[in-house]
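Reader: Please take a close look at a single part of this model and describe what surrounds it. I should like one connected account, with the criteria behind each term stated.

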Amino acid sequence: MKKILFVASESVPFIKTGGLADVVGSLPKYFNKEKYDVRVMLPKYMCMKQEWKEKLQYKTHFYMDLNWRSQYVGILELEHDGIIFYFVDNEYYFSGAKPYGYIHEDIEKFAFFSKAALSALPLIDFRPDIIHCHDWQTGLIPVYLDNFRYGNEFFRGIRSVFTIHNLKFQGIWDKKSVKDITGLPEYYFVPDKLEAYKDANYLKGGVVYADRVTTVSNSYAEEIKMPFYGEKLDGLMNARANCLSGIVNGIDYDDYNPETDIHVPYHYNAENFRKEKVKNKMELQKELGLEVDSKTMMIGIVSRLTDQKGFDLIAYVMDELCQDAVQFVVLGTGEEQYENMFRHFAWKYNGKVSANIYYSEALSHKIYAACDAFLMPSLFEPCGLSQLMSLRYGTVPIVRETGGLKDTVEAYNEFEKTGTGFSFSNYNAHEMMNTVRYAERIYYDKRRDWNKIVERAMLKDFSWNNSAKQYEELYDNL
């Protein structure tokens, strides 16, 4: 039986700021239980919901040196959905209203977390064969693991996998402070190890020291070897190309299921969506104060409102798109300029545009179930989960061909009658607008073709089963 330990800074259902939490919380359930014992280690944040904090059981505690400071480390555990979760407790580091705050605090917090996660292993009676680290917050684990091997038999032979969910966030701080915080020897702070451009870089440390590096789609694994996507680490990604691979994320097919979804008023599947799906649209039109009309094409957007997601393109042509026979439903928060842009259009095109500048899990499910199309024109997208949810709900994705979007959405071909969505390749507002209008044309004038796209989308399988098999292969090769 192979023992695997996931270490990450967030996981559903305990704490979530983005897609990373979905991966860490869902993926472990899909491994073959006879062959893999997968457990997860997380920080115990004060901002976790009380219902979870009450269920945690004390396991052990100890004091650990973090260079010149001695810090308390508590370990609590909880079994959820058949998976054992460990929580690292230290109120000094993990208090606060949000899991992440100022970068200089996070740098110390996650150095502590990385060292504590390893130091706890001999005491919790679980010696993993492989430690699977996620994103920069755990980038120091492969580095500490290398450091611990000298003089500690227990850590010899433990292998590590490091997964990059978004290369943009790297955990960068000045070298002198990081050396002081981590207590790692001088030896690690050189350009072929932890140092990048005179600073210390956690993500780089993880990439250099892990036995295998993965990212969350094949295309993104190729893209990050190029300067445009490589976030100044493209040289390193090329150097590690022989250990770098892409495995596309999945989604939890129990949570996202149009036949049983508790948030959705009318359930449907690939057989009966022609009659049933539209009822969700009319329900949502009523709820959000849009013009109620079953025939109007409704386009959904559920996203962080940031540059990365292509909102500058939308801002540029939104006025023109609102002249068409379409409705827009937007959900999310982010940069002020985009929040205000959508508020403005909701005011200007009252009844056509609904701007919901907050986040709600329930409303997101309703949008996936009600809309005809889903717009996601990202500048870059390591994997993207929204387009997978859209496919699952028969909401046709309109995407830019980058990263995971390119790998998961097959562009409609009207001559061969294939495809599960619409896509465009250049990061250009008018190219996006033309693609949206092409989708409108198929929706209004070739209704049978449109329904076939929906059907093919709903029959695709992007559950975690596929990804879990690929991760199992990766572990076995290690």
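Author: Just after helix 11, Gly289 takes a positive phi of about 75 degrees. Helices here are DSSP runs of H or I with at least four residues, strands are runs of E with at least two, and both are numbered from the N terminus. The model is a predicted one, in which local features need pLDDT of at least 70 and side-chain atom pairs count only at pLDDT 80 or more, while totals for chains, interfaces and linings use all residues. Residues are numbered from 1 along each chain as its sequence is written, and side-chain values use heavy atoms, with hydrogens and water left out.

For helix 11 itself, 16 residues at 1.5 Å a residue should span 22 Å, and the end C-alpha atoms agree with this, being 22 Å apart; the expected span is 1.5 Å times one less than the number of residues. The buried residues of helix 11 are Phe273, Glu276, Lys277, Asn280, Lys281, Leu284, Gln285 and Leu288. Buried denotes under 20% relative accessible area, exposed over 50%, and partly exposed the range in between, with a 1.4 Å probe and protein chains only. These buried residues pack against strand 13, strand 14 (326-331), strand 15 (353-356), helix 14 (361-370), helix 17 and helix 18.

The loop between helix 11 (273-288) and strand 13 (297-302) contains Thr296. Thr296 is buried, its relative accessible area being 14%. Its contacts (heavy atoms within 4.5 Å), leaving aside neighbours within four places in sequence, are Lys281, Ala325, Val326, Gln327, Asp372, Tyr443 and Tyr444.

Helix 17 (residues 429-445) and helix 18 (residues 447-459) have axes that come within 5 Å and cross at roughly 110 degrees. Axes are lines fitted to C-alpha atoms, for helices over the stretch in contact, and angles run from 0 to 180 degrees between N-to-C directions. The two helices, helix 17 and helix 18, are therefore roughly perpendicular to each other; that term covers 65 to 115 degrees, with under 35 counted as roughly parallel, over 145 as roughly antiparallel and the rest as oblique. Helix 17 contributes Ala439, Ile442, Tyr443 and Asp445 to the contact, and helix 18 contributes Arg447, Asp449, Trp450 and Ile453. By class, the contact of helix 17 with helix 18 has five nonpolar, no polar and three charged residues. Ala, Val, Leu, Ile, Met, Phe, Trp, Tyr, Cys and Pro count as nonpolar, Asp, Glu, Lys and Arg as charged, and the others, Gly among them, as polar.

Trp464, in helix 19 (residues 464-477), is buried with a relative accessible area of 1%. Trp464 lies 435 residues from Lys29 in sequence, with 8.8 Å from C-alpha to C-alpha in space.

Ala8 belongs to the loop between strand 1 (2-7) and helix 1 (19-26) and is buried, with a relative accessible area of 0%. Ala8 and His134 are separated by 126 residues in sequence and by 5.3 Å in space, C-alpha to C-alpha. Apart from residues up to four places away in sequence, Ala8 touches Val24, Met41, Leu42, Pro43, Phe113, His134 and Thr138.
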